[in-house]
Amino acid sequence: MPDWKKLVREHIASSALPAASREEVVSELAAHLEEAYEAALLQGLTEKAAVEFTLQEVNDWHALAARIHRARSEENPMNNRTRSLWLPAMANLIVAPGWLMILQKLAVQPRVLWIGDMAMVLYLPWLITLPIFGAFGAFLAKRAHARFVNRLIVGLSPALAVLGAFALILPVSLVVDQHRLTNFPFAYFALTIFNWVVLPALALLIGTLPFLRETNTLARTEA
Amino acid sequence: MTQRIRSKIARGSGELAILSLLAEQPLYGFEIAKQIEERTGGALKFTLASLYPLLYDMEKRGWVEGRWQANSAGRDRRYYRLTPGGRRQLAPLRAEWRTFFQALDSLAGVSHA
C-alpha cells in the first residue's frame, strides 16, 4: 500500500500552514485516501488501478493546498497552536501551582533540607503529585492532536514557567540589587533552580511520558 | 461569471448536504463523502479536494467541530459534529434552497424531488 501520509505531506509541503496544523491536515487527508484506496480494492480493482483511482480524488494539489490554507488560517478564532499548546499549558499552569497553594493553605509543612548553610524547602506532597499534572497537561495536548514537542512542553509547563521566571530574575536581580557577578549567590540560585525547576520537571515528566507515545493516525495509516 | 455562479451553487449545496448529514450524527470526512454519494444516487459527489476545504471553512465559521476519535475499526479519524451555530444555519439554508427550486420550477418547469 502506498504511504499516503508521505504523499500528502509532499504535496502540501508548500502550504504556509503552521507545522502542527499542517500535520493534522496531512493525517486527515491521508486517512481519507487510505479509505478510498481500500474501497477501490473491495470493488475488485487491482492494486495499481486502485492507486490510480484514489489519486483522482485530487486533480490539483497546489490549488488544494491553497484552499486549505485559506480555509484554516484566516480569521480562525482559535488556531491549532492555541488549542494544542497554549490552552493546555495555561490549564496546567493554573492547576499545578494552585494545588501547591491549597497544600500551603492546608498547612502542609515542607521538609527543609540543609546543604551546607543553604536551606532547600521541599514540598514533598506536591512533588509526589506532580506526575498527575504532567499527565493532565499532556493528555489535554494530545487530545487536541498536539505534536510530540508540544505535548512535552505542556506536560512540563509548570516547571518551564518557573525556569522562565528565574531567567528574568537573574538579570533583574543583578541590576536592581546592584549585585556584582563576583558576590552573586550562584550556589543558592543553582540550588533553588534544582528545587523548583529540575525536581518538578522530573516529576512532571513521569506523568507526561505515557502521552508522548505516537499511537494514532501515523502508525495506523502507514500500517 | 457563469463559473462563479456554478461555484456558488456547488458550495451552497455542499454546505446544506454536510449540515443535513451531520444533524443526524457525527461523521468523518470519508463517511460524509460516501453517504452523500450513496444517498443522492451519485448525483452529488465529493472528492477529497472538494470536501475538506469546505469542511475546514465551515469549521472556521463555527458551524461544525472536528475532533479526533477512533472509528469502528479502531482507526483515529477526525469526526465532525454540528455545533449549535451550525444547527441554527440549517433551517435558513433549507428555506433558501426551497425558494430557489420553487423559483426555478416556476421559470423553467424544473421540479425538485
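Okay, let's start with chain B and its contacts. If you take contacts in chain B between residues at least 6 apart in sequence, 47% of them join residues at least 24 apart. One thing to keep in mind throughout: this is a predicted model.

So what is chain B built from? Its secondary structure comes to 4 helices and 3 strands. Walk along the sequence and you read α-β-α-α-β-β-α. Chain B has 113 residues, and buried residues make up 27% of them.

Now find the strands on your screen. They form an open sheet of 3 strands in chain B, in the order 1-3-2, and the pairing is antiparallel. Which strands sit at the edges? Those are strand 1 (27–28) and strand 2 (64–70) of chain B, each pairing on one side only. Strand 2 of chain B is joined to strand 3 of chain B, residues 76–82, by 7 bridges, and the two run antiparallel. If you want one pair to click on, take B:Gly66: its bridge partner in strand 3 of chain B is B:Tyr80.

Helix 3 of chain B has another partner, and here's a bit of background. Two packed helices are described by the angle between their axes and the distance between the axes. For helix 2 (residues 29–39) and helix 3 of chain B, the axes come within 10 Å and cross at roughly 115 degrees. That crossing of helix 2 and helix 3 of chain B is right-handed. Who actually meets whom? From helix 2 of chain B you have B:Gly29, B:Ile32 and B:Ala33, and they meet B:Leu51, B:Tyr52 and B:Leu55 in helix 3 of chain B. Sort the residues of that contact by type and you get 5 nonpolar, 1 polar and no charged.

Along the sequence, chain A goes α-α-α-α-α-β-β-α-α-α-α. Chain A has 223 residues, with 32% of them buried. And the contacts? Of those in chain A with a separation of 6 or more, 73% are between residues 24 or more positions apart.

Let's begin at the start of the chain. In helix 1 of chain A, residues 4–11, you'll find A:Trp4, A:Lys5 and A:Val8 buried. They cover an arc of only 100 degrees around the axis, so they end up on the same side of helix 1 of chain A.

Where is A:Ala107? In the loop between helix 5 (80–105) and strand 1 of chain A. A:Ala107 has a positive phi of about 60 degrees, although it is not a glycine. Buried or exposed, then, for A:Ala107? It counts as exposed, because it has 6 C-beta neighbours inside 10 Å, and the cut-off for exposed is 12 or fewer.

Strand 1 (residues 111–115) and strand 2 (residues 118–122) of chain A pair in the antiparallel sense over 5 bridges. A:Arg111 stands opposite A:Leu122 in strand 2 of chain A. The two strands form a hairpin with 2 residues between them, and in the turn A:Gly116 has a positive phi of about 65 degrees.

Then there's another helix pair. Helix 6 (residues 124–143) and helix 7 (residues 148–176) of chain A have axes that come within 8 Å and cross at roughly 145 degrees. The crossing of helix 6 and helix 7 of chain A is right-handed. Among the residues that meet there are A:Phe133, A:Gly137 and A:Leu140 in helix 6 of chain A, and A:Val154, A:Gly155 and A:Leu156 in helix 7 of chain A. The residues of this contact divide into 7 nonpolar, 5 polar and 2 charged.

Last stop: where do the two chains meet? There, 21 residues of chain A are in contact with 15 residues of chain B. On the chain A side, helix 2 (19–42), helix 4 (61–73) and helix 9 (217–221) each supply at least two residues. Helix 2 of chain A gives the largest share, 7 residues. By type, the chain A side divides into 8 nonpolar, 6 polar and 7 charged.

Methods
Residues numbered from 1 in each chain as written. Chains lettered and ligands numbered in written order. Predicted model: local features only at pLDDT ≥ 70, side-chain atom pairs only at ≥ 80, totals over all residues. Contact = placed C-beta atoms within 7 Å. Nonpolar A, V, L, I, M, F, W, Y, C, P; charged D, E, K, R; others polar. Pairing = 2+ DSSP bridges. Buried ≥ 20, exposed ≤ 12 C-beta atoms within 10 Å, placed from the backbone. Arc of directions from axis to C-beta. Axes fitted to C-alpha atoms, helices over the stretch in contact; angles between N-to-C directions. Left-handed = near helix turned anticlockwise from the far one by under 90°.
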